[in-house]
Amino acid sequence: MMEPGLLYENFIDINGFVALQVVALGLVGGVLSGFIGSGGAFFMTPGMMNLGVPGVVAVGSNMTHKFGKALVGSRKHAELGNVDKRMGAFLIVTSFIGIRIAVWINSALVGSTDSHGAGGSAAGDLYISAVFIFILSAVAVSMLRDALRTRREDEAAGPSMRIANFLARRHLPPYIHFKVADVRVSLWVLMVVGLATGYLAGTIGVGGFIGVPCMIYVFGVPTAVAAGTELYLAVYMGGFGALNYALKGFVDIRMTMLLYLGSLIGIYIGVYGTKVVKEIVIRLVTAVIILLCVVSRAVAVPAYMRQLGWVDLNPEWDPWFNGASKAMLFVAGFSGCAIIMYHVIKSYRQRLRVQQRLTEARAAV
Amino acid sequence: MSEATPTGGVADLPLTAKERSPAPALSSRQQTMQIVCISRGSLSRGKELAEALASRLGYQVLSREDLIEAAIAEGIHVGKLETSMMKPRAFTERLARERDHYLAFSTAYLCDQLQKGPLVYHGRTGHLLLRSVGHVLRVRVVADEEYRIRATMQQLGIDRDKAVRYLTEVEEDRRAWVRSMYGVSWEDASQYDVVVNVERMNVDNAASALVGMAQLPDFQVTPASQRAMDDLLLSATARLRLARDPRTNRFAFSVTAHEGIVNVTYLPHDMEVSEEVPRVLEGLPGMEQLQATMAATTILWVQEAFDATSETFRELTEIARKWNAAVELVRYVPSAEVGQGPETGTLPSPARTAAIAGIEEDVDEEVVDDGGLKATLDGLAGLGRSGGGRFVRGERSSLVGACCTTVPHSLVVLGNLFLGKEPGTKLRLTRELQDSLGSRMRVPVVTAEELRSHYLFGPRDAFRLLGFLAVVAVVYAVVLTHEDAVLRFLAGDWAGPGRLTMYVVAAAVFVFAPVVAYLYGTVARSLMKLLKME
């Protein structure tokens, strides 16, 4: 069964306007990615789905995008010694299993190229949306709670460390020592984290959201090494994911290329933003953007449920659900971007003022 | 909140109820005394050794417990700070401020106690608080594992397995504390002048041996080490005053001091604090001049002799403007050079030194040649980019230790170093130093010659941008104008159904995506470099 309006069963038609929207998705995703320090998939994957791209193709194309980007970026981290390759190797093995599970579930829900499952891509879209909503709600809420908690003057502590304390109380041999990160981690904990990271990367294209916090909070890895190792891991996970999805014909290389056009510029703007925005603002903005992305995805769910025949809704409402979801996502992304840009421009102008004052002072002397 | 009086020390600031504590009543530029810092592990008899040594030398004893008690009375959440530094958790701005407050207080407290008389301090890292001061005798006390396990079992009334686990966890926590606070390994023997194993040597005998060491000329106060102490105290009191004052205690600062010049660096998003800093630090004892710099980060420039008119200075200030960074200077004179006569002209006598690592020699106050450090600092201050300056003499490890401070650096630039060496040797030594600093500081370390090609947009970058842009345009044009063929290929419709077809597709995607990312990534990087936003 062929999805209506799709080329070669899986790919959307890209005209100039759609191409511009994909570049904009990449730009906003890149800015948020540089600002937050995550991959930006939480914005780009649902954004592509809003443009009519089947969920599995959106995830496959985004993983391919992540692969190339991580390959270029991880070189720099490796040069600075921020990559614990041994830890990366342990996580890679288990994350590959996680990715295989994710690809298998996604493909089974969409159906193979020979026979589609019930509901075509709707089942896959609903599943991806459900995982997306569940995981990112948890991430956003905990981030928001921590940010609001640390705002209180009497609270000197950082984010919650209940998980680390809980694991520290348990003796789970064998333990492995990682020299670069200088931590000792239970093999069992490593396996669970690797599996979860791989599964989420393979399901919704979001791996860093889980991998980096796990390395920091659960393993006790320094932040720079966690980011470097995650990027190193992303090369392998992205590469493995790209291979697996491409094998099933679920990678739209045009989407990947258009995403690059925006994201590789956006990252620089986002990173610049982190230099001029306070940490508390970074965390609040991040949490709110993620929450809005979650709500945006939730708005699209009724349409998928109708396509599966689970609820009785007027099919004419589908474009409205999709439109509302798309509008909300873009509002979330662009308002986040606007806040970052506002701070970047404000800082730039301050810089100019200081420079001018100094020049005037020198001239007066 | 009133301003500090010109004559008062840090304790003269009005204190809140919480702050009324046995805080250090400091005054800068007083004669300092000798200090022995004993770094002890858990149950390694460090306290016994410290007391035995102090009684033989007639020195006072100060323990980490005394220091912590004073820090708690100061209002620092030491318990929370320790837990945060030891256990895995993200490093928040608040935590960073708390850490800076603790470090400034501890340094000032130690210096204050030292001005009352010579001292034996036993704790974890007293030697690291005073690492820029040359006359500190740094002792590490270790005990046999078996002895420590038995002592733990006896003291805590627990079985062997629990004692082993307890010791492992305690050691792990302490290691994490030292690493997080000072960025060094606690067990690194190069951090100490002597390591004493109390299992092989009786505590009394060890104390007697250390008495002899403490009397060596290498560990006596010299004018140079006195000046290093003065600068350390001045920067600590300045930081402490900023941490105590409600007008500035919510902001992050990096504070250095050099010859009475206090340099305070604050972040761009804390710009509103710029007017408060001079008010809060007004009248700080020992402060002759205050320089406040707004910077998002710091670039470290290491050189043997500075010149404010050099090309490196121009390029560095251009990068600093672009990055919104301060430039911190470190004048490094390798120890092998010491002793060469002035006739060689390669080693100007460092007259007024700031922070000196390793063994210093007394220097003549009349000599004013500081290798261009002060003039270059003035040049940077004029541009609003000064991040302070220091002088380091000694082995490579001394320089690496001095560079690994709590001030975050984004880039290290190695200028002209090892001036008295042959070009080949100079190159090799610079490369070795580059490796050492890179692996310890985990930031890019470049030579002055590499600065332009790495961080400034030149003709080579323009050619690269145009070349890569052309290739990218061709690749995108080919793919987007041949959509049908591309999609047919990706869907596997170009050949008969079969696994081999899809393997070819997967391999093509696997190779093509990184190539596009690399090509376009290079264009994006060059473009951002051109726009000064990389």
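Predicted model: local features only at pLDDT ≥ 70, side-chain atom pairs only at ≥ 80, totals over all residues.

Reader: What makes Met441(B) count as buried?

Author: A residue is buried if 20 or more other C-beta atoms, placed from the backbone, lie within 10 Å of its own, exposed if 12 or fewer, and partly exposed in between. Met441(B) has 21 C-beta neighbours inside 10 Å and therefore counts as buried. Met441(B) belongs to helix H14 (residues 423-441) of chain B; helices (H or I, at least four residues) and strands (E, at least two) are DSSP runs, numbered from the N terminus. Its C-alpha atom is separated by 9.1 Å from that of Val412(B), 29 residues apart along the chain.

Reader: How many strands form the open sheet of chain B, and in what order?

Author: Five strands form it, in the order E2-E3-E1-E4-E5, with parallel pairing. Two strands pair if DSSP finds at least two bridges between them. Opposite Ile35(B) stands Leu119(B), opposite Cys37(B) stands Tyr121(B), and the bridge partner of Arg40(B) in E4(B) is Val141(B).

Reader: Why do E2 and E5 of chain B stand at the edges?

Author: Strand E2 (60-63) and strand E5 (194-197) of chain B each have a single partner strand, so one side of each is left without a neighbour in the sheet. Neighbouring strands are turned by 20 degrees against each other on average, direction ignored; axes are lines fitted to C-alpha atoms, for helices over the stretch in contact, and angles run from 0 to 180 degrees between N-to-C directions.

Reader: What makes E1(B) mostly covered?

Author: Six of its six residues are buried. Ile35(B), Cys37(B) and Ser39(B) point one way from E1(B), and Val36(B), Ile38(B) and Arg40(B) the other way.

Reader: Which strands does H2(B) lie across?

Author: H2(B) lies across E2 and E3 of chain B, at about 60 degrees to E2(B). In this helix (residues 64-74), Leu67(B), Ala70(B), Ala71(B) and Glu74(B) are buried. They cover an arc of only 100 degrees around the axis, which puts them on the same side of H2(B); the arc is that of the directions from the helix axis to the C-beta atoms. Just after H2(B), Gly75(B) takes a positive phi of about 105 degrees.

Reader: What makes a set of residues a nonpolar core?

Author: The members are buried Ala, Val, Leu, Ile, Met, Phe, Trp, Tyr and Cys residues joined through C-beta atoms within 7 Å. The largest such core has 127 residues; Ala242(A), Ile290(A) and Tyr520(B) are among those that touch the most other members. Its largest share, 16 residues, comes from helix H9 (residues 223-247) of chain A. A second, separate core of 114 residues includes Leu210(B), Met294(B), Val327(B) and Val443(B).

Notes:
Residues numbered from 1 in each chain as written. Chains lettered and ligands numbered in written order. Contact = placed C-beta atoms within 7 Å.
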